[in-house]
Amino acid sequence: MEIILAVIVGLLYASGIYLMLRRSLVKLVVGLVLLGNGVNLLIFLLGGLVRGKPPLIPDTETYLGQVYADPVPQALILTAIVISFGLQSFAIVLIKRTYVVVNTDDMDQIHSTEEDDDY
């Protein structure tokens, strides 16, 4: 199972970076979304995949001697999801405003803030 998820992480990273290298602002945001999902999945994999083993210490023992699911990566992923949603919302509004002002989403045509004057 870990190998399949590692391949999926690699595909998310590759497709995210590929889309971020495109000239369109929309593709840039979609690439950021894919890259963020790849990072979240990687953090989840680093925490270890353990099924049905909560990190609870029984009353009869003083320490947890068995393999358990670590809750810290899960909490980090939840926080990252909320932050990435806010970033994506801001980026979508920014792209919409840029398209209204410049009438394009091509980053090569947006490079200058000055208007071209015909003399």
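**Entry 1: overall picture**

I began with contacts, meaning heavy atoms within 4.5 Å, and found that among those in the protein between residues at least 6 apart in sequence, 51% join residues at least 24 apart. I noted that this is a predicted model, in which local features need pLDDT of at least 70 and side-chain atom pairs count only at pLDDT 80 or more, while totals for chains, interfaces and linings use all residues. I also noted that residues are numbered from 1 along each chain as its sequence is written, and that side-chain values use heavy atoms, with hydrogens and water left out.

I then looked up the elements, which are DSSP runs numbered from the N terminus (helices are H or I with at least four residues, strands are E with at least two). The protein has 3 helices and 0 strands, and from the N terminus on its elements run α-α-α.

For burial I used relative accessible area (buried is under 20%, exposed is over 50%, partly exposed is in between, with a 1.4 Å probe and protein chains only). Of the 119 residues, 18% count as buried. The protein exposes about 9,300 Å², of which carbon and sulfur atoms supply 66%; such areas come from the Shrake-Rupley method with a 1.4 Å probe, and for residues only the protein chains shown count as cover.

**Entry 2: the nonpolar core**

I looked for nonpolar cores, which are sets of buried Ala, Val, Leu, Ile, Met, Phe, Trp, Tyr and Cys residues joined through side-chain atoms within 4.5 Å. The largest has 5 residues, namely Leu-5, Val-9, Leu-12, Leu-41 and Leu-45. Two or more residues come from each of α1 (2-20) and α2 (25-46), and α1 gives the most, with 3 residues. Setting aside residues up to four places away in sequence, I found that Leu-5 touches Leu-41, Leu-45 and Leu-49.

**Entry 3: Thr-104**

Is Thr-104 buried or exposed? I found Thr-104 in the segment after α3 (71-102), and Thr-104 counts as buried because its relative accessible area is 12%. I next checked polar contacts (pairs of N or O atoms within 3.5 Å; within protein, one must be able to donate a hydrogen and the other to accept it, and residues adjacent in sequence count only if both atoms are side-chain atoms). The side chain of Thr-104 reaches the backbone nitrogen of Asp-106 at 3.2 Å, and it makes a polar contact with the side chain of Gln-109 at 3.1 Å. Leaving aside neighbours within four places in sequence, Thr-104 is in contact with Thr-98, Tyr-99, Gln-109 and Ile-110.
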